[in-house]
Amino acid sequence: MSPTVIIMFLVIVGITLVVTYFAAKKTNTASEFYTAGGGLTGWQNGLAIAGDYLSAASFLGIAGAIALYGFDGFLFSIGYLVAYLVVLFIVAEPLRNLGKYTLADMINSRFNAKKVRAGAAISSITIVIFYMIAQLVGAGALIQLLFDIPYWIAVLLVGIMMTIYVLFGGMTATSWVQIIKAVLLMTGTVIISFLVLMKFNFNILDMFTFMKTATPHGADYLNPGVKYKMPLDTLSLMIALVLGTAGLPHILMRFFTVRDAKTARSSVMWATWIVGIFYVMTIFLGFGAAAFVGQDLIVSTNPAGNMAAPLLAQALGGDLLMSFVSAVAFATILAVVAGLVLSGASAFAHDIYGQIIKKGKVTDRQQMLAARYASIGVAVFSIILALVAQNLN
């Protein structure tokens, strides 16, 4: 175990815990717990949205998918980016204008019925739990690789930390952890992309030419069809990616954290630029891993390819860069799972407990207590599922 890795991890964890400590002092009401009191600016919320959206799936999963499958892996980057246009033009402003807390609140404003609210809340919780699995599997693989500890212990450690952020700091702590993580992630990705391009004398055409012979797939690596053989598979994937983002509870919840629709639009514009630049750079992460790490080492380290980005960082910049990238990946996972836990807990505490069970007759204190219990429940259930999903990308 490298001392550099330990130091990097401790610094990242230390910063996020300090943020949570100060945020906890400002989290006294349900509004502050769920939406940070609606006090975030456009650029702050934009960075937080990007931090929420650029998850372990984006950083670790897509880099691995491109490294192993070429163009078919890049389909994820294309789909996620186009999805933001759906959010920008259809969802962001109407959602913010309602001034509510959760997705079920929004749907209930049009269809005022308990069954509709319950259906929306249960849907949100289900989406959150499945999305959590991807983050926790990435975290487990990363910590297992770096610290040489069993996978289940790694997943448990991440689960405990994410629960701490939500229990004590609510949306304020979660937002600032996401902002810090977004800046670190972009920094690490830019550094790796620069080093990959430098290997090709900053000539992108040379890089694409080289990749035609760099993998066992040959020239097919740059064309669709390596992983998704049937056109229907590709179509199904793209529909899920493009429309799915507009239904992710932890992303939609972020539009309640700003004061008005104008700020919501501004935050989406900030997020779209950051997310767009990042997904373009996933090409360099994936191509670089395929060219300078090799598919055999990527697969032997993790069969799903989840460790392609950290292995590329080590190949290009040694232990120092790998330590930084791994610490950033860890911060990425912590930030996203905290947002997921918060949105799942909000759906239960605000919609199911507050509006259905208590019929709206609930105090702030009761609602926050229910949210904190729900946070623990969502975290525990997600950890259990992640323990059996170790070999999934």
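The following legends describe close-up views of a predicted model.

**View 1. Packing of helix α1 against helix α8.** Helix α1 spans residues 3-25, and helix α8 covers residues 151-199. The axes of α1 and α8 come within 8 Å and cross at roughly 125°. The two helices, α1 and α8, are therefore oblique to each other, and their crossing is right-handed. On the α1 side, the contact is made by Ile12, Val13, Ile15, Thr16, Leu17, Val19, Thr20, Ala23 and Ala24. On the α8 side, the contributing residues are Met161, Ile164, Tyr165, Phe168, Gly169, Thr172, Ala173, Trp176, Val177, Ile180 and Leu184. Sorted by class, the contact of α1 with α8 comprises 16 nonpolar and four polar residues, with no charged residues.

**View 2. Packing of helix α3 against helix α8.** Helix α3 (residues 42-53) packs on α8 at an angle of about 75°, and the axes of these helices are 7 Å apart. An angle of 65 to 115 degrees counts as roughly perpendicular; α3 and α8 are therefore roughly perpendicular to each other. From α3, the residues in contact are Gln44, Leu47, Ala48, Gly51 and Asp52. They meet Ser175, Trp176, Gln178, Ile179, Lys181, Ala182 and Val183 of α8. The classes represented in the contact of α3 with α8 are six nonpolar, four polar and two charged residues. Trp176 of α8 takes part in the contact with α3 and also in the contact with α1.

View 3. Asn201 and Phe202 are shown in the loop between α8 and α9; helix α9 comprises residues 204-211. Asn201 is not a glycine, yet its phi is positive, at about 55°. Phe202, likewise a residue other than glycine, has a positive phi near 60°. The relative accessible area of Asn201 is 64%, and this residue is therefore exposed. Phe202 has a relative accessibility of 47% and so counts as partly exposed.

**View 4. Packing of helix α7 against helix α15.** Helix α7 (residues 114-147) and helix α15 (residues 364-387) pack at an angle of about 60°, and their axes lie 9 Å apart. Accordingly, α7 and α15 are oblique to each other. The crossing in which α7 passes α15 is right-handed. Val128, Ile129, Met132, Ile133, Leu136 and Val137 form the α7 side of the contact. Their partners in α15 are Val378, Phe381, Ser382, Ile383, Leu385 and Ala386. This contact of α7 with α15 contains eleven nonpolar residues and one polar residue, and no charged residues.

View 5. Gln295 is located in helix α13, which covers residues 295-301. Its relative accessibility is 14%, so Gln295 counts as buried. Apart from neighbours within four places in sequence, Gln295 is in contact with Ala67, Leu68, Thr215, Pro216, His217 and Tyr221. For Ala67, the backbone oxygen lies 3.1 Å from a polar atom of the Gln295 side chain. The C-alpha atoms of Gln295 and Ala308 are separated by 8.9 Å, and these two residues are 13 residues apart along the chain.

Notes:
Residues numbered from 1 in each chain as written. Predicted model: local features only at pLDDT ≥ 70, side-chain atom pairs only at ≥ 80, totals over all residues. Heavy atoms only, no water. Axes fitted to C-alpha atoms, helices over the stretch in contact; angles between N-to-C directions. Helix = DSSP H or I, 4+ residues; strand = E, 2+ residues; numbered from the N terminus. Parallel < 35°, antiparallel > 145°, perpendicular 65-115°, else oblique. Left-handed = near helix turned anticlockwise from the far one by under 90°. Contact = heavy atoms within 4.5 Å. Nonpolar A, V, L, I, M, F, W, Y, C, P; charged D, E, K, R; others polar. Buried < 20%, exposed > 50% of the residue type's maximum accessible area, 1.4 Å probe, protein only. Polar contact = N/O pair within 3.5 Å; in protein donor to acceptor, adjacent residues only side chain to side chain.
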